[in-house]
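User: I'd like to go through the labels used for this model and see what stands behind each one. Could you take me through them?

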Amino acid sequence: VPVSINIDNGIAAMALAQIAGASAEEIRQAMKTFTGVGRRFDFKIKTDKVVLLSDYAHHPEEIRQSILSLREVFEGRKITTIFQPHLYSRTNDFYREFAESLSLFDEVILTNIYPAREEPIPGVTSQLIYDLIDDKVQKSMCSRAEAVNLIRQRRNEFEVLICLGAGDLDSDVPQITEILREC
């Protein structure tokens with residue numbers, strides 16, 4: 001399970017396991033067999049040509065950690081994200097921070113906000129984030145369905161693609177996986 005944040009999480013998990021009474025051998029075996037957590041830096045495709053990941057990151061700091069980890073692992077490759085903001089209230093509170101974190105990508109495909117349990121807040125849309133993403137970043141904004149079509153149309157252009165967010169974007173990952181496998 002690559003990247004620095006997973007090393008930190010692994011150390012914390014081992015410490016807690018030791019405090020809870022696990023033996024050194026039990027901890028060693030558990031760490032040896034751990035393959036990661038679904039939707040956390042979750043590889044769907046990993047070839048020399050294209051990489052596709054899914055990640056539950058839905059807070060600006062989680063997004064920052066994801067892109068920093070991707071830069072560490074895939075140095076020199078173009079990194080694109082499809083990001084679906086989660087909740088109107090979170091978007092309202094953190095749109096500046098979202099834009100700052102997303103500006104670390106080479107390309108951002110921004111979708112509509114996933115409302116979950118919330119009603120829309122007047123004036124709060126993905127546009128708030130989009131407008132503040134650094135101009136050096138290639139960016140587009142579309143619906144979730146349009147994002148899948150965009151991937152289909154541009155499938156040969158992606159090097160590293162990560163689907164980010166806690167909403168229903170993850171339900172499109174199997175379709176995106178199939179599209180990119182056809183390359």
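User: What makes Phe-43 partly exposed?

Analyst: Its relative accessible area is 23%. Buried means under 20%, exposed over 50% and partly exposed in between (1.4 Å probe, protein chains only), so Phe-43 counts as partly exposed. This is a predicted model, where local features need pLDDT of at least 70, side-chain atom pairs count only at pLDDT 80 or more, and totals for chains, interfaces and linings use all residues. Residues are numbered from 1 along each chain as its sequence is written, and side-chain values use heavy atoms, with hydrogens and water left out.

User: And why is Phe-74 called buried?

Analyst: Phe-74 has 7% relative accessibility, so it counts as buried.

User: What makes Phe-43 and Phe-74 an edge-to-face pair?

Analyst: Rings of Phe, Tyr and Trp (its six-membered ring) pair if their centres lie within 6.5 Å; planes under 30 degrees apart count as stacked, over 60 as edge-to-face and the rest as tilted. Here the centres are 6.3 Å apart and the planes at 65 degrees, giving an edge-to-face pair.

User: Why is the pair of Phe-83 and Phe-98 called tilted?

Analyst: Their centres are 5.3 Å apart and their planes at 40 degrees, so this pair is tilted. Both Phe-83 and Phe-98 are buried.

User: How do you know that α3 is roughly parallel to α4?

Analyst: The axes of helix α3 (residues 60-73) and helix α4 (residues 88-102) cross at roughly 0 degrees. That makes α3 roughly parallel to α4, because angles under 35 degrees count as roughly parallel, over 145 as roughly antiparallel, 65 to 115 as roughly perpendicular and the rest as oblique.

Definitions and conventions. Axes are lines fitted to C-alpha atoms, for helices over the stretch in contact, and angles run from 0 to 180 degrees between N-to-C directions. Helices (H or I, at least four residues) and strands (E, at least two) are DSSP runs, numbered from the N terminus.
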